[in-house]
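Reader: I am new to this structure and would like to learn how to read it. Please show it to me, and then let us take a few features in turn.

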Amino acid sequence: SQDGLSPNLRCRPVVDPPDGSRRPAARPSSVRAAPMHPDSTARLEAGDPASTVMRLGQIGFDAPAALLSQHGLQLRRVAAGQPIPGSFWGDEEAGIIGTTVYARDDTPVHSLLHEAGHLMVLPPERRPDVHTDATDSVEEEDATCYLQIVLADQLPGVGRDRLMADMDAWGYSFRLGSTRAWFERDADNARDFLLARGLPHA
């Protein structure tokens, strides 16, 4: 690329999750990164953009469960206030164990689609071994970000425009400065990855 950076960039900032472990792959240090997980209490304060993202409780679990089942995945609802199994980021973010995605009513829709997307881009034989962290592949991470945007169109009341706005509000970070700019102008490799594997890409 013209700026000397790899065209495949992780769409989530690589930061230490709450449990103190580390995500294996790192983004180039010259790429702007935003904190993925500000303090949960602060996030809910009035005026914080991350407090406005769409949550599963707003759309229900039926449509997301049906969508995931089309790709051989199960959606498991977690009771309010209970820890989410397999959640890499903790707090209200979705978790993955094997072919099951775990979420609560307060889980952001973008988080559910992102974690489900991680499983979808994996070959079926790799999915049973997944627990919490699906990949350290930049290529798979980028494909996952692209896929979650496309899948949002299959959820009534969500759609890609809302999902991209929520990704920006939550702190996803891209070289071109916004989710939409990346999706429309800088994501050819991610789209080709999905196309080659017969996954939704348009």
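Reader: Where is the place of threonine 132?

Author: Threonine 132 sits in the loop between H4 and H5, where helices (H or I, at least four residues) and strands (E, at least two) are DSSP runs, numbered from the N terminus. Before going on, note that this is a predicted model, in which local features need pLDDT of at least 70 and side-chain atom pairs count only at pLDDT 80 or more, while totals for chains, interfaces and linings use all residues. Residues are numbered from 1 along each chain as its sequence is written, and side-chain values use heavy atoms, with hydrogens and water left out.

Reader: What is phi of threonine 132 near?

Author: Most residues other than glycine have a negative phi. Threonine 132, which is not a glycine, has a positive phi near 80 degrees. Aspartate 91 also has a positive phi, of about 50 degrees, although it is not a glycine, and it lies in the loop between strand E1 (74-77) and strand E2 (95-97). With a relative accessible area of 36%, aspartate 91 is partly exposed; buried means under 20%, exposed over 50%, and partly exposed in between, with a 1.4 Å probe and protein chains only.

Reader: At what angle do helix H3 and helix H4 pack?

Author: Two packed helices are described by the angle between their axes and the distance between the axes. Helix H3 (residues 62-69) and helix H4 (residues 109-121) pack at an angle of about 10 degrees, with axes 11 Å apart; axes are lines fitted to C-alpha atoms, for helices over the stretch in contact, and angles run from 0 to 180 degrees between N-to-C directions. That angle makes H3 roughly parallel to H4, since angles under 35 degrees count as roughly parallel, over 145 as roughly antiparallel, 65 to 115 as roughly perpendicular and the rest as oblique. Their contact (heavy atoms within 4.5 Å) is made by Pro64, Leu67 and Leu68 of H3 and by Leu112, Leu113, Ala116 and Met120 of H4.

Reader: How do helix H5 and helix H8 pack?

Author: Helix H5 (residues 138-151) and helix H8 (residues 188-196) pack at about 85 degrees, with their axes 8 Å apart, and are therefore roughly perpendicular to each other. On H5 the contact involves Glu139, Glu140, Asp142, Ala143, Tyr146 and Leu147, and on H8 Ala190, Arg191, Phe193 and Leu194.

Reader: How many helices and strands does the protein chain have?

Author: The secondary structure comes to eight helices and three strands, which follow the pattern α-α-α-β-β-β-α-α-α-α-α along the sequence.
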